[in-house]
Amino acid sequence: MSLDLDGLALAPELADVMQRLSIVGARLQRLIARNGIEQDLSAARGTNAGGDGQKALDVMADAAYMEALKGSAVAFYASEEEDEILTLGPGTLALAVDPLDGSSNIDVNVSIGTIFSIFPAAATPEASFLRPAREQIAGGYMIFGPQCALVATFGDGVHHWILDPDTGRFERQPDFAPIPKDTSEFAINASNKRHWPAPIRAYVDDLIAGEEGPRGRNFNMRWIASLVAETHRILRRGGVFLYPGDSRKGYERGRLRHIYECAPIAFIIEQAGGKATDGVHPILDQSPDRLHARTPFVFGTAPKVKRIAHYHESPEIAAVTPDEHLMP
């Protein structure tokens, strides 16, 4: 076994799928560490179903996960790199995966990862994924960086493993504590400010105004352009991540996929005591209308996500209201 599942009461079928995912993750970590020695993993390989450019590692990771899951309880396999849902065989589970998140960072040695979501299989492939995200039974990610870590939830908190490079085994770590509430970090790609909707511009402007602004304190901005890395930081240090829709053609609903990226990250964040929305409404309460649907995405420390929703309703009040007064 490559994944320490001691103490977790998982159904055998789900435990087997987690083991298979972890085996592929360990192989990918080693492959990434050898990038450039034998091959260029950042080489272009066309475009995926959503129109985004594919790197060599995107294609390789997709093939590796698909092959590893054959013969498992996964009946339906949906990948960001595939046009359609694939049927792997009879089974009780449906798995959605972004095989290689943040692949634009491969050649600059920035943390990248895999994001996955698991549902009970429904009567049809489409019904297995086009459903409320709250019906997930597992969501998680692997982050390939200075450490290779696996983070997952099964609806009972956020569990954490670190890959031991000497043994190839993911060793269980203490579960993540609730996301810190008192933090001064936010993550957004500020180069797109001119395209943002007014509530997002107002929120960020008030943060950047610092001590002289309505929030009366200074904030630090972060932007890694790797969703797994942004998530890992927020779980550890708190803060908020924003990828809004904007006025550019093709960005009306942002660029992140509901099924492959936002649903599993939202599941993890809520289990860690945070919130995850499209700016206003919880991601986990929404159902995508198509396989590669996109959604605006805001997640992190609960009061901050709640504040952003208030900016859509009344920015003047939200700007000066204390965090504790924004929570139910």
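Entry one, helix H5. I looked at residues 227-237 and found that nine of the eleven are buried, so helix H5 is largely enclosed by the rest of the structure. I note here that the model is predicted. The buried residues I listed in H5 are Leu227, Val228, Ala229, Glu230, Thr231, His232, Arg233, Ile234 and Leu235. I counted a residue as buried when its relative accessible area was under 20%. I then checked what comes after the helix: H5 is followed by Gly238, and the phi of Gly238 is positive, near 85 degrees.

I asked how much space lies in the second largest pocket, and the value is about 200 Å³. I found 13 residues lining this pocket, and Ile32, Ala33, Asn109, Val110 and Phe144 are the closest to its centre. I looked up which element gives the largest share of the lining: helix H1 (residues 12-33) does, with three residues. I sorted the lining by class and got seven nonpolar residues, six polar residues and no charged ones.

How many disulfides does the count come to? I took a disulfide to be a pair of cysteine sulfur atoms within 2.5 Å, and by this rule the count is zero.

Notes
Residues are numbered from 1 along each chain as its sequence is written. This is a predicted model: local features need pLDDT of at least 70, side-chain atom pairs count only at pLDDT 80 or more; totals for chains, interfaces and linings use all residues. Side-chain values use heavy atoms; hydrogens and water are left out. On a 1 Å grid over the protein atoms alone, a cavity is a set of points where a 1.4 Å probe fits but cannot get out, and a pocket is an open set with protein on both sides within 12 Å along at least five of seven lines; lining residues have an atom within 4 Å of a point. Grid points are joined across faces, edges and corners, and a volume is the space filled by probe spheres set on the points. Helices (H or I, at least four residues) and strands (E, at least two) are DSSP runs, numbered from the N terminus. Ala, Val, Leu, Ile, Met, Phe, Trp, Tyr, Cys and Pro count as nonpolar, Asp, Glu, Lys and Arg as charged, and the others, Gly among them, as polar. Buried means under 20% relative accessible area, exposed over 50%, partly exposed in between (1.4 Å probe, protein chains only).
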